[in-house]
Amino acid sequence: MKTGHLSSFDFGASDIDVGIFFETAASRLAAGGRALAYFAVPEGAAQRLVMAVGFDRDGRVEVYSTLVAGPFRALTPSFPQLHLFEREIYETCGLKPEGHPWLKPIRFNTPGSVPGVADYFTVHGSQVHEVAVGPVHAGVIEPGHFRFQCHGERVFHLEIMLGYQHRGVEKRLVGGPDERSIHYAETLAGDTTIGHAWAYCGAVESLCGVNVPPRAQIIRGVMCELERLANHTGDLGAMAGDVGYLPTASFCGRLRGDFLNMTALICGNRFGRNMLKPGGVNFDLDHALIKELLFRLDSSYRDVEDAVSLLWDTSSVADRLEGTGVVSKQAAEGLGLVGPAARASGVGLDTRRNYPYGPYERFTLGVSGSGDVYSRAYVRWLEIQKSAELIRGWLENLPAGPLEAECGALKPDSAAVSLVEGWRGQICHFVITGAEEKIRHYKVVDPSFHNWQGLAMAMRGGEISDFPLCNKSFNLSYCGRDL
Amino acid sequence: MEIIKPLSQYLAVMVLSPLLLGVINRVKAFFAGRRGHPTLQLYFDLYKLFSKTPVYSRTTTWVFRAGPVIGVSAMVTVLAVLPFAGRPSFLSFEGDFIFIIYLLGLARFATVLAALDTGSAFEGMGASREMQFAVFAEPAFFLGLAALARVTGQTSLAGMFGALTGDTWRVAAPVLVLLTASFFIVLLAENSRVPADDPATHLELTMIHEVMALDHSGPDLAYILYGASLKLWVFGSLIGCMVLPRHSGSWASDCALFLLVMFVVAAAVGVVESSMARLRLIKVPYMLITAFAFSALALIFQMGR
């Protein structure tokens, strides 16, 4: 059935016959649709398969569901973007997608399974070797296991095995909303606190039928763009560090902190925890604070401009970034990549533009690239410029009005899709309510869920020594994918 | 009495060489707008490591333990041959420049064997990269020394640099400039500095020299770090002797000036590291081939002079 994001609908109305479900899904995906979410909800002894398809060009969302009790038809062979969704369905409910090439576990959350213990690709031949990295890494980062199948320095394929960070957040959100729900959402991926909290709030608000006041919408926008500024700046610095280019690396490291401190100035937490709540925001901006924020934004932005332009002006850096880790547009579309990584490959998807919400009604930003590390870095620089411009505009013309609207009880037996453009890409929260006005099922799709496969593609045919650089250019979340 | 001066020079090198890395790090910190760690940090690190108990993996053999010791001994021996401020060393003989090339090769061989002995994929990768780059760096270095032997008509290092005077610079400046450039590139590559390698990285997949030392600990790691600082001194002092041909006759002022030049060389390394990114790994050989071309060109110029 057709719907929009951020508008609740009667969940029962999405039900269609099994045969028609797969036919419709295949035809919609073939017609340029992108799977926003595809998951199974237990219903009695059977399982209900639910798929949300997004049409980026006209910002339309369609939701279909069907009841299945046994093996069902896998769509992955025709639509690779579903490969991880179908593996997830198989792992969580045991229903087998018939025809899926390889149903490897993705989170190891079934009884008796141990993270990392699974079948892997193997390579044979003289001078062919495998390099295993992780799950414990040299830096202070999250755990993940990487296997490179190599010939000398050349990588045939990179196999990424995650699941070490699975916490069962989706399950904890069922039965809500309660006091803790928003905090679970905020910590889905620590560096995307505002993004996920916003997506959660959007879902709850549409299920309550509440309109968020304009002032709160704009303040949410400011917070989200500050988060984007901090992360993009930090990542550009980290990329400079990975190619051994000192000046940008050290300056951007400090500047990321400046943006985080601006967030802390507003809500007392550097990552924006406890800023958003269903219906509005918790903290207001007064005149003095706005003045201080504008002053800090201008001075930090100028510093970022100086530090980052060093990156584009140094030929040894350009040589290192250009042509490294290319993801073709075809691969990016086929795998359903999102966010700056997809835009750098020429995919025109930005939730703020394609599915406008809140303060982004008239948002425009067209970025494109050739899919290499340079493009991914440059797209971030373009987005930094846009974010600074947006924040400046919003702070100068902050509408007056209340900070929140009262959220009542959730509509029973309904569902809502909430899309937000986090700094890493599109975040999708799909919420289904039960008969008693409580959350019956909560599905989170973090941008990292789609994009890890993009990193594997970027490494194909590349050099193993380029991996850290490619990895930084994506900078994906482990816990966001593992949930 | 004649042994006192060379011996004190030798001891001075042993004591001062970790200071070079301190200077490089200060320069890098300056460019990065940081305070940086203390100039004497490596001394503190060495002290700390020497008081630790090493840990050995069960898969390693005596080869692994011998690596650092052979490495540092080879460097200590090289420095006994190497002239200081153009002054003769106490172990100098005809053709000793071939001797030091073999000693450097021996140190590398021992390090690589120790790395391979761990059986780790990372260390194997680092060892293979080290050997690959050595194939390009060694000829550049060897040919450079051969050209220098031609210029000065001497075959011992002490003789070569002793015979190198301001007059030599006046008549053979192009040759000496090419050789200095070649030695500087070899210095960067051999001492795993940017743009050949990044000594500051924590990413095993991109490392060359550092990754081979990952499994060493305690005094073994101290030997490796100390050996690396001696190696930096070896290449630095070749450049120092080259660009500072003046012999004032006063031992003290010669030595003071030479030490100053050594720190300038270290600072130059720091500036290079701060102002450019690391090369793509497959492009490092191109840089070393450039050094080889410089050395070859110097030799050709010298033959035709």
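Why does Leu285(A) count as buried? Here are my notes, starting with that residue.

1. **Ground rules.** This is a predicted model, where local features need pLDDT of at least 70, side-chain atom pairs count only at pLDDT 80 or more, and totals for chains, interfaces and linings use all residues. Residues are numbered from 1 along each chain as its sequence is written, while chains are lettered from A and ligands numbered from 1 in the order in which they are written.

2. **Leu285(A).** Leu285(A) counts as buried because it has 21 C-beta neighbours inside 10 Å. The cut-offs: buried takes 20 or more other C-beta atoms within 10 Å of the residue's own, exposed takes 12 or fewer, partly exposed is in between, and the C-beta atoms are placed from the backbone. You'll find Leu285(A) in the loop between β12 (280–281) and α8 (287–313) of chain A. (Helices are DSSP runs of H or I with at least four residues, strands are runs of E with at least two, and both are numbered from the N terminus.) Not counting residues up to four places away in sequence, Leu285(A) touches Ile219(A), Ile266(A), Ile290(A) and Leu398(A); contact here puts the C-beta atoms, placed from the backbone, within 7 Å. Ile266(A) sits 19 residues from Leu285(A) in sequence, with a C-alpha to C-alpha separation of 7.1 Å.

3. **The core.** The largest nonpolar core runs to 242 residues, and Val78(B), Val186(B) and Leu288(B) have the most contacts inside it. (Such a core is a set of buried Ala, Val, Leu, Ile, Met, Phe, Trp, Tyr and Cys residues joined through C-beta atoms within 7 Å.) Its top contributor is helix α9 (residues 218–243) of chain B, with 16 residues. The core lies between domain 1 (2–98) and domain 2 (169–482) of chain A, because both give residues to it. As for Leu288(B), its contacts beyond four places in sequence are Phe133(B), Phe136(B), Ala137(B), Ala140(B), Ile185(B) and Ala189(B).

4. **Domains of chain A.** The assignment gives chain A domain 1 (2–98) and domain 2 (169–482); bounds of this kind come from an automatic or database domain assignment. Their C-alpha centres are 26 Å apart, and the contact takes 22 residues from domain 1 of chain A and 26 residues from domain 2 of chain A. On the domain 1 side, β2 (9–10), β3 and β5 of chain A each give two or more residues, with β3(A) giving the most, six residues. By class, that side of domain 1 of chain A has 13 nonpolar, six polar and three charged residues. (Nonpolar covers Ala, Val, Leu, Ile, Met, Phe, Trp, Tyr, Cys and Pro; charged covers Asp, Glu, Lys and Arg; the others, Gly among them, are polar.)

5. **The four-stranded sheet.** Chain A has an open sheet in the order β1-β5-β4-β3, with antiparallel pairing. Two strands pair if DSSP finds at least two bridges between them. The edges are β1 and β3 (34–43) of chain A, each pairing on one side only. Strand β1 (residues 2–3) is joined to β5 (residues 60–68) of chain A by two bridges, and the partners in β5(A) are Glu62(A) for Lys2(A) and Val61(A) for Thr3(A). Nine bridges link β4 (residues 46–55) of chain A to β5(A), with Val50(A) partnered by Ser65(A). β4(A) and β5(A) make a hairpin with four residues between them, and Gly59(A) in the turn has a positive phi of about 65°.

6. **β13(A).** All nine of nine residues in strand β13 (residues 414–422) of chain A are buried. One face has Ser414(A), Ala416(A), Ser418(A), Val420(A) and Gly422(A), and the other has Ala415(A), Val417(A), Leu419(A) and Glu421(A). Ala415(A) is the bridge partner of Phe9(A), and Ile432(A) is the partner of Ala415(A) in β14(A). The hairpin of β13(A) and β14(A) has two residues between the strands.

7. **Chain A against chain B.** Here 25 residues of chain A contact 23 residues of chain B. The chain A side has 13 nonpolar, seven polar and five charged residues.

Technical notes:
Contact = placed C-beta atoms within 7 Å.
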